[in-house]
Amino acid sequence: MLKIEHLGIAVKELQTSIPLFEQLLNTPCYKTEIVASEAVSTAFFQTGDSKIELLEATKAESPIAKFIDKKGEGIHHIAFEVENIEAEMKRLAALGFELLNQTPKKGADNKMVCFLHPKTTNGVLIELCQEIK
Ligand code: ZN
């Protein structure tokens, strides 16, 4: 894996969290994007080589709504940038990690993504992402 591409943080309301993180990080939110397939609205901040992704649920069945119900707001996932997402998915599946999607899917911020089930990664939701070129 190349680097930590971003940290995903589950929030209740982007409307209040975007200005909060703009103050905290002293950098403007550079992009907001709805990912309909995941029922989330996202906001991105650049911090050096890595990013912060804020995630707000767009409906009650959204995985983010369920996460906040269970655990409250906070760190939701760690995303690692990979060079070849299919090869990395194959490598990890062979080692016994459980993939939440069997083929890469379109994520936010121009990425193909795959998530690993937290039960096989010490409770941490892991996202693999590869930039779409
Ligand atoms: Zn993410």
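Okay, let's start at Glu22, which sits in helix α1; helices here are DSSP runs of H or I with at least four residues, strands are runs of E with at least two, and both are numbered from the N terminus. Glu22 has a relative accessible area of 30%, so it's partly exposed. On that scale, buried means under 20%, exposed means over 50%, and partly exposed is in between, using a 1.4 Å probe and protein chains only.

Before I go on, this is a predicted model: local features need pLDDT of at least 70, side-chain atom pairs count only at pLDDT 80 or more, and totals for chains, interfaces and linings use all residues. Residues are numbered from 1 along each chain as its sequence is written, and side-chain values use heavy atoms, with hydrogens and water left out.

Back to Glu22. Skipping residues up to four places away in sequence, Glu22 touches Thr27, Pro28, Cys29 and Phe45, where contact means heavy atoms within 4.5 Å. Glu22 and Phe45 are 23 residues apart along the chain, and their C-alpha atoms are separated by 8.0 Å.

Phe45 takes us to the core. Which residues make up the largest nonpolar core? There are 10: Ile9, Val11, Leu14, Ile18, Phe21, Cys29, Ala43, Phe45, Ile52 and Leu54. By nonpolar core I mean a set of buried Ala, Val, Leu, Ile, Met, Phe, Trp, Tyr and Cys residues joined through side-chain atoms within 4.5 Å. At least two residues of this core come from each of α1 (14-25), β3 (40-47) and β4 (50-57), and α1 gives the most, with 3 residues. As a general point, nonpolar side chains tend to be buried together in soluble globular proteins. Take Ala43: beyond its neighbours within four places in sequence, Ala43 contacts Leu14, Ile18, Cys29, Lys31, Thr32, Ile52, Glu53 and Leu54.

Glu53 brings us to the metal. What coordinates the zinc ion? That would be His6 (NE2), Glu53 (OE), His77 (NE2) and Glu127 (OE), at 2.1 Å. Donors are N, O and S atoms within 2.8 Å of the metal (3.2 Å for Na, K and Ca), and water is not among the atoms, so sites may look incomplete. Along the chain, the donors are spaced H-x46-E-x23-H-x49-E. Glu53 in strand β4 and His77 in strand β5 (residues 74-81) are 24 residues apart, so to speak a link between distant parts of the chain. Both Glu53 and His77 are buried. The angles among the 4 donor atoms run from 84 to 172°, and the zinc site is irregular. For four donors, tetrahedral needs all angles between 85 and 135 degrees; four count as square planar and six as octahedral if opposite donors are over 155 degrees apart and all others between 65 and 115, and anything else is irregular.

Now the whole chain. The protein chain has 3 helices and 8 strands, running β-α-β-β-β-α-β-α-β-β-β from the N terminus. Of its 133 residues, 41% count as buried.

Last, two loop residues. Asn110 is in the loop between β6 (105-106) and β7 (111-116), and has a positive phi of about 60° although it isn't a glycine. Asn122, in the loop between β7 and β8 (126-131), also isn't a glycine and has a positive phi, near 55°. Are they buried or exposed? Asn110 is partly exposed at 31% relative accessibility, and Asn122 is exposed at 78%.
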